[in-house]
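Hi,

Here is the structure I promised to pass on.

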Amino acid sequence: MFRNLRPSTDIIEKRQNDTLEPAHANFYRGKPNPLRLILQARHDFLSIWRKTDYADQVTSIKLLGRQLVLVNSPDAIRYVVAKRHENFERKTPQMRRALEFLLGDGLFISDGETWKQRRPLVNDIVHKNRLPVFGKIMEKTANEMVERWSALPDGAGVNVLYEMAGLTAEIISRSVFGNDLGEEAANAVSQGFESYQSLIDSINLGYFLGFDDGLPVLRTPKLRRSVSRIHGIIDKVVEDHLAGRGDDQSMVELLVRRQQRNPELKLDVVALRNEAATIFMAGHETTAATLTWAWYLLSRAPWVEKAVHDELSRVCGDRTPTMEDLPALDWCRAVIEETLRLYPPVPILARQATEADRIGDVDIKPASLVLIVPWLLHRTEAFFKDAHLFKPERFLGDKRPIPYSYIPFAAGPRVCPGLQFGLNEAILCLAVLAQRFRIRVADDLKVEPQCRLTLRPRSGLPVTLHRRGKA
Ligand code: HEM
């Protein structure tokens, strides 16, 4: 099932006329070696799968005495995330331990009563009804990027992963904290999150050594500094809002008002900070990764890029695309949906079973790890014909994948509350930037997907920017 540790990953990418098989790790063909799995998964979780793992099935393996169950079947996924949600709602010790120092009891890693109480709150503040307000922020920020790129010489080189990370961090920062945060503090928060992620390890060895809840992550001075910087800035924003000095359209303001209306929620400064930090973290890297992969795919598939450009001319003419145009931008939407299929920003949904259970024909022991891997699921031929090929047409018109076979935003009660926010943001930013720029990835660039907390190209994606005229 898994491949031995190898210092580098063997990548496949095939281009032929109007067909693109974009970059993915080659299938593992050697003998499984369980001890090395942990180390290999740490280097690259996507290179440990055999061809036979891309199938409609539920499989179980033992690793250092622990049961790991891989669920790659829509019915079984429905069972885990919806029907038996309460038994499988708990995040893994790896995820909880990695993020608890930064996010405390924030929604992403909470469960039980805390999750039940906070989830409706977060649902409300990122709800699609609020898109008109957030949409204006998205339009303004994307247009600022057009202006900035327009000031660069034609053909300028940038790393588009970092450009997209800056763009989406600015959008989420303005949405969560309001317009008053200031550029310096906003950058400090983004950089703090970036440095936190590079310092933590997502594999918690304590779990495999017998601790059901894993072991706390070592809080090195560097880690402490990056956390206290982020907490300090967010606490100041929350305190300003509590004192009535905040931007009244921001998500923090909505959280504060909700607490003032419902004091029984007992959201103190720390709880408010945890939820604000969670939304900030969950809400920008994912969209940045989506856009980065979309630029890679469009650059390698010029026939799709042309369909996008033709659509933008037809729908928007000379105007800059806005949120009102999104329902008519079918190709832009299909490109984003296909990008999310091939490169799901959250490529693993990992849970810890609370009680004994049975998924399909597999008996589950308490405290076992249950893995749903959208990376595998979305590339399983039984659900997607030509599963490794980039074919946005599969999402055009009314065509929809089999329920629970396409889950880039997860599914069930723990589905991403920012689904509409993230999807609309990605489509809008793609439309605004594609109208004005052609983004080129060098023909000989080896692009390697890397899975840490999110799935991104290892070392980012160097590109060149080429101006397009309006229609
Ligand atoms: C393309 C963009 C996005 C993708 C692909 C995405 C994907 C996901 C996925 C797969 C999960 C579930 C993770 C798990 O259960 O292990 C999740 C959770 C979450 N997402 Fe998103 N997300 C995106 C954008 C956003 C945005 C824009 C926001 C906020 C504005 C957001 C807020 C959250 C929160 C708060 C959770 C935790 C929900 C809970 O545990 O109840 N996400 N997201």
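Predicted model: local features only at pLDDT ≥ 70, side-chain atom pairs only at ≥ 80, totals over all residues.

To start with a detail: which residue in β9 is the bridge partner of Q352? It is L369.

Before the rest, some ground rules. Residues are numbered from 1 along each chain as its sequence is written. Helices (H or I, at least four residues) and strands (E, at least two) are DSSP runs, numbered from the N terminus.

Now the sheet. Four strands make up an open sheet with mixed pairing, in the order β3-β4-β9-β6; two strands count as paired if DSSP finds at least two bridges between them. β3 (57–63) and β6 (349–352) sit at the edges with a single partner strand each, so one side of each has no neighbour in the sheet. From one strand to the next, the twist averages 20° (axes are lines fitted to C-alpha atoms, for helices over the stretch in contact, and angles run from 0 to 180 degrees between N-to-C directions).

Pair by pair:
- β3 and β4 (residues 66–72) are antiparallel over seven bridges, with S60 partnered by V69 in β4. Their hairpin has two residues between the strands, and L64 there takes a positive phi near 45°.
- β4 and β9 run parallel, joined by three bridges; L68 stands opposite L369 in β9.
- β6 and β9 (residues 369–372) are antiparallel over four bridges.

On to the ligand. It is surrounded by 25 residues, of which A282, G283, C416, G418 and G422 are the closest (near means a C-beta atom, placed from the backbone, within 6 Å). The elements giving two or more residues to this shell are α5 (112–125), α12 (269–282), α13 (285–300) and α17 (419–436). By class the shell has 16 nonpolar, seven polar and two charged residues (Ala, Val, Leu, Ile, Met, Phe, Trp, Tyr, Cys and Pro are nonpolar, Asp, Glu, Lys and Arg charged, and the others, Gly among them, polar).

In α7 (residues 160–177), 16 of the 18 residues are buried (20 or more other C-beta atoms within 10 Å of a residue's own; exposed is 12 or fewer, partly exposed in between, with C-beta atoms placed from the backbone). Just after α7, G178 has a positive phi of about 90°. A98 is in α4 (residues 93–103), and counts as buried because it has 23 C-beta neighbours inside 10 Å.

Cheers
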